[in-house]
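Hi,

Here is the structure I promised to pass on.

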Amino acid sequence: MAKGRRERRILVVTGAAAFVAVGLKLLVSAIKAHRQRRRKMPDVPGSRVLVNLSASEIQRLTDQIIAKSKEVYDLVASVPLEKVSYTNVIAPLAELEAHQFSSVQSCVFPKMVSTSNDIRKASAEAESRLNLHFLTCRKREDVYRVTKAFADRGEWLGYEAKRYTQCLVKEFERNGVNLTPSKKKELENLGARIEELSLQYAQNLSMDNSFLLLGESELAGMPLQFIKSLEKTEDGKLKVFLRSHNVTPILEHCKIRATRKSIAVAYGQRCGKENLDILENLVQIRHKYAQLLGYSNYAEFTLESRMARTSEKVFEFLEDISENLSDLAMEELNVLKDLKRREDGDSPFGMEDLLYYMRRAEEQHLDLDLGEVKQYFPVNLVMSGIFKIFQDLFGIRIEENKDVEVWHETVCLFSVTDVSSNELLGYFYLDIHSREGKYAHTCVLALQNGNLSSNGTRQIPVALLLSQCPKQIDDNPVLLRFSEVVTFFHEFTHVVHHICIRATFSRFSGLRLDADFIEVPSKLLENWCYESISLKIMSGYYQDITKSVTSSMCTSLRRKRDLFSGLRLKQEVLLCLIDQFIHSSENVDILELLKHLHPKVMLGIPLLEGTNPASCFPQIVIGSEAICYSYIWSEVVAADIFAAKFQEDLLNQYAGLQFRNKVLAPGGAKDSLEILSDYLGREPAIHSFIESKTRNSL
């Protein structure tokens with residue numbers, strides 16, 4: 001998702017818990033009081049999520065969460081070191097995480113969905129207060145001391161309890177609790193400086209309003225609608241702001257190479273020196289931050305809990321991918337160069353030519369009208385088809401729950417039940433229609449985590465799928481672009497993953513999993529969007545739904561996905577290498593590194609003169625620093641699983657149940673690499689991924 005995953009961030013309470021009978025009294029009272037006021041709708045059995053809190057209720061519940069969390073931390077911290085036990089130290093922390101999670105989410109998710117400005121504002125303020133509170137909790141040395149004392153005894157009640165305790169200890173230590181007071185202060189100052197610089201880098205890009213003035217003749221090949229959308233100056237020039245919604249269409253469609261180059265160069269120069277200075281400063285501060293905590297560099301700090309583990313492994317992975325894709329990428333590049341030579345003579349091929357000639361080659365090699373394809377994907381039919389595929393594959397039953405409390409009339413609630421046992425596994429809300437004030441992207445939120453309580457009862461998970469489909473007008477169905485179909489399928493996999501997790505601890509439920517692993521199931525299931533058998537299940541011509549997409553359309557959609565995948569991946573690998581280099585080494589000259597790596601990775605194509613992608617690459621600054629590689633990693637693992645387990649029979653329920661039980665169910669309770677190695681019988685390998693890219697080469 002995890003929008004990115006930065007946008008889709010899920011608050012997870014990492015504090016301690018009160019002993020259940022005492023510690024949760026205020027929260028339970030708040031939930032009961034809220035539901036007493038809304039008796040018109042029946043409760044959702046097993047769900048603690050409060051979906052219609054007022055602004056004042058959000059504030060009160062936030063106060064209660066913070067007060068009770070502090071009370072429990074104090075209780076745990078008061079345990080004498082010689083008397084620490086699982087019961088009086090670890091269990092209370094686990095219980096509070098489990099019980100408070102849904103209360104926290106009840107406070108913070110309204111900022112993304114509410115129609116009320118006051119409620120959205122109160123929710124955003126609650127999130128800020130809760131974030132600050134839980135950060136303070138994670139730095140409490142007194143709670144760390146008793147937790148570490150129990151961990152050092154080596155008394156475990158089982159593998160998952162041991163893993164949970166180790167995670168608690170590691171989280172405290174990664175927040176600097178065992179540093180001296182002076183070093184703690186230094187760490188805090190460095191953290192604040194990192195946040196300040198990261199925000200400044202992002203703000204520079206978002207506030208950049210640079211543009212080029214171009215004549216209409218310089219935009220030959222651009223659609224008339226695009227030309228009309230541009231502001232015209234008094235002297236007849238067209239103002240092209242350097243935003244992706246302008247730049248990408250020009251690089252794809254403009255016939256004038258000089259225009260493409262000027263646009264590409266100007267776009268790559270945005271915030272150039274200022275953001276480069278910020279990034280270089282930021283990287284040095286990150287290294288200092290990591291070294292204070294005992295790590296040799298920032299990449300080592302970030303990679304510690306991921307499958308890759310070390311920078312050496314990441315470099316090996318990226319170089320292996322790049323090398324194995326070189327023949328395919330060179331074949332693709334030669335096709336583009338030949339096309340350019342026929343149309344534009346023998347001038348050198350540059351980065352400004354890449355998207356334009358990819359599109360031209362697609363026109364020649366593909367017979368595909370995406371506008372026509374869209375007519376086969378009415379949103380309601382797509383969703384019912386997705387439900388059917390997941391039900392058949394994973395042995396679950398999805399049913400709508402009518403007459404329940406929701407936050408908007410267009411929101412629906414569904415229950416998910418295991419077919420064989422009839423056990424209720426969880427719920428999910430669908431909020432997919434656009435409205436004012438609503439979060440603008442498609443994403444999934446965990447509203448309640450699953451866990452097994454100390455009395456043996458299981459708390460069920462609750463998820464929310466958000467999107468922005470237009471509302472249906474009269475009898476005209478809402479049609480989805482094919483890219484939106486893929487996005488829905490991807491995100492719904494996160495929903496099913498969340499609901500199928502059977503971990504004992506709340507911390508190991510939800511979507512807070514290893515960053516190298518969290519996208520693997522969704523990248524795996526995306527394959528179903530390119531196979532005839534599944535596409536026909538979720539498609540139907542909007543005027544006659546008995547007519548599904550044709551087999552030739554399915555073939556063309558898959559071919560479009562794979563065309564020029566070598567060159568596209570090479571570009572991704574380049575940026576991932578830059579990210580890994582600067583976060584695993586000190587005193588790197590970023591511009592010189594780019595000038596060296598660009599032609600090496602991109603098969604001789606030089607970096608556009610005067611540009612520096614590192615100045616306008618926000619992922620390297622906020623959210624994916626030192627882990628940009630992880631999305632490709634997930635694609636590789638997903639391709640391996642698909643080839644080994646599903647390629648021959650996409651709707652094989654035995655294979656689906658194996659995946660559900662062996663890969664989805666553990667959640668974070670087991671090491672991700674261990675989960676995948678047990679499931680595959682070996683460590684994941686890249687050969688299936690490379691084969692999938694070369695199979696449909698030009």
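This is a predicted model: local features need pLDDT of at least 70, side-chain atom pairs count only at pLDDT 80 or more; totals for chains, interfaces and linings use all residues.

Residues are numbered from 1 along each chain as its sequence is written, and side-chain values use heavy atoms, with hydrogens and water left out.

The chain holds 29 helices and ten strands (DSSP runs, H or I of at least four residues for helices and E of at least two for strands). Its C-alpha trace spans about 80 × 65 × 60 Å along the principal axes. The radius of gyration is 26 Å, which agrees with the value near 26 Å for a compact globule of 698 residues (taken over C-alpha atoms; the rule is 2.2 Å times the number of residues to the power 0.38).

Of the 698 residues, 55% are buried, meaning under 20% relative accessible area with a 1.4 Å probe, protein chains only.

Now the cysteines. How many disulfides are there? The count is zero, where a disulfide is a pair of cysteine sulfur atoms within 2.5 Å. For Cys500, the nearest cysteine sulfur is that of Cys529, 18 Å away. Cys500 is also buried, at 3% relative accessible area. Cys529 is in no disulfide either, with the sulfur of Cys554 nearest at 11 Å. Cys529 counts as buried too, at 0% relative accessibility.

Cheers

Definitions and conventions. Buried means under 20% relative accessible area, exposed over 50%, partly exposed in between (1.4 Å probe, protein chains only).
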